[in-house]
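User: I would like to go through the labels used for this structure and ask what stands behind each of them.

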Amino acid sequence: MQRVLSGVQPSGSLHLGNLVGAIENFVKLQDQYQAFYMIVDWHALTSKFDKTAEIGPAIQEVAATFLAAGLDPERATLFIQSQVKEHAELHLLFSMITPLSWVERVPTYKEKLQNSEADLGSYGFLGYPILQAADILIYKAHKVPVGEDQLFHLELTREIGRRFHFLYDTEIFPEPQAVLTQVPKVPGLDGRKMSKTYDNGIYLRDTPDQILHKCTRQMLSDTARVRKLDPGNPDVCNVFTFHKLFSDSDTVKMVQEECPRAGIGCFDCKKKLAEAITARVEPLRQKIEDNLAHPDRLNAILRDGSDRARITAKATMDQVREAMKLPNY
Ligand code: TRP
Ligand code: SF4
């Protein structure tokens with residue numbers, strides 16, 4: 001069975017965009033692959049080195065959400081990066097063979113360095129993609145489900161693997177391929193991409209009341225439609241984009257027909273949307289809260305996952321040290 005692997009930053013509340021874009025896909029892939037999903041708390045340190053108290057609760061929240069969404073910890077290995085110290089060793093060894101110019105040319109590097117609110121001027125942040133390469137190659141992953149923004153990191157991972165093979169005359173690592181999800185991007189309440197940074201999200205822990213409030217009071221609709229008697233245009237309306245993602249086909253059809261002839265008002269349209277989103281989110285929310293209310297159960301799953309991941313990581317590190325002719329006492 002081929003291996004799939006991905007990493008998620010523990011950065012607090014997960015939203016609908018994360019659910020549709022990543023989490024549901026991860027859960028599906030556990031059927032076809034041997035899956036490794038890791039919570040990358042060391043990567044989070046690149047921007048949170050001064051707010052480390054936030055990382056622990058964020059790890060719990062990510063784990064609680066993945067399990068609630070159907071991740072089966074018996075089949076998929078759910079674990080915490082920092083609990084498998086071998087990642088740090090491989091990161092160090094890779095950092096010796098990676099030319100500085102390779103990491104300096106990562107397109108997101110300079111951009112993030114300049115635009116982020118966090119102080120990213122550290123040595124560790126420059127090495128972020130090298131740590132990611134270690135995460136991936138240590139499990140000999142074949143497939144890596146990620147967003148488009150990660151494609152360059154994947155390319156760099158393959159290059160580091162090739163360089164390792166060339167330098168030490170070995171063939172340890174398969175070439176990992178990105179798996180891009182086919183789902184359309186979920187917009188935010190304001191029409192931009194849904195993102196924690198923009199504060200425009202519907203979160204998986206939002207209650208039905210919060211969802212109703214966000215949909216009816218905060219979501220942008222067709223701005224040209226001012227009064228209820230004005231005809232609207234669903235094609236330029238953010239609410240309709242949401243309907244297409246979360247409502248059943250009858251509702252989508254109804255809105256498409258009624259909105260342009262002012263047969264439905266925006267408030268009712270948004271209320272219908274809130275119902276559809278709630279139907280999807282509420283069962284998940286209850287499971288997330290239940291998981292968070294049982295930290296012992298949650299921690300046991302993470303500990304077990306980390307133990308299993310470590311076995312694979314240790315086996316790879318033995319091969320790596322041998323290939324590099326490093327002492328192995
Ligand atoms: N950089 C990834 C992101 O921000 C997170 C990540 C860390 C990752 N290690 C990984 C993703 C390994 C895939 C595989 O989304
Ligand atoms: Fe948008 Fe719905 Fe209002 Fe039409 S009725 S403009 S689709 S919110």
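User: Where does ligand 2 sit?

Analyst: This is a predicted model. In it, ligand 2 sits in the largest cavity.

User: Which residues surround ligand 2, and how do they divide into nonpolar, polar and charged?

Analyst: Ligand 2 is surrounded by Ser221, Asp222, Arg225, Cys237, Val239, Val255, Cys259, Cys266 and Cys269. Six residues of this shell are nonpolar, one is polar and two are charged. Cys and Val count as nonpolar, and Asp and Arg as charged.

User: Why is the pair of Phe164 and Phe173 called edge-to-face?

Analyst: A ring pair is described by the distance of the centres and the angle of the planes. For Phe164 and Phe173 the values are 5.4 Å centre to centre and 65° between the planes. Centres within 6.5 Å make a pair and planes over 60 degrees apart count as edge-to-face, so both labels apply. The structure holds 12 aromatic pairs, and Phe164 and Phe173 also belong to one aromatic cluster with Phe94 and Tyr168.

User: What makes Phe164 and Phe173 count as buried?

Analyst: Buried means under 20% relative accessible area. Phe164 has 1% relative accessibility, so Phe164 counts as buried. Phe173 has 5%, and therefore counts as buried too.

User: Which polar side-chain atoms lie within 3.5 Å of a nitrogen atom of ligand 1?

Analyst: An N or O atom in the side chain of Tyr128 is 2.8 Å from a nitrogen atom of ligand 1. For Gln132 the distance from a polar side-chain atom to a ligand 1 nitrogen is 3.0 Å, and for the side chain of Gln150 it is 3.0 Å. The cut-off for a polar contact is 3.5 Å, so these pairs fall within it.

Notes. Residues numbered from 1 in each chain as written. Chains lettered and ligands numbered in written order. Predicted model: local features only at pLDDT ≥ 70, side-chain atom pairs only at ≥ 80, totals over all residues. Heavy atoms only, no water. Near = heavy atom within 4 Å. 1 Å grid on protein atoms, 1.4 Å probe; cavity = no way out; pocket = protein on both sides within 12 Å on 5 of 7 lines; lining within 4 Å. Sits in = over half its atoms within 2 Å of the grid points. Phe/Tyr/Trp six-rings, centres within 6.5 Å; stacked < 30°, edge-to-face > 60°. Buried < 20%, exposed > 50% of the residue type's maximum accessible area, 1.4 Å probe, protein only. Polar contact = N/O pair within 3.5 Å; in protein donor to acceptor, adjacent residues only side chain to side chain.
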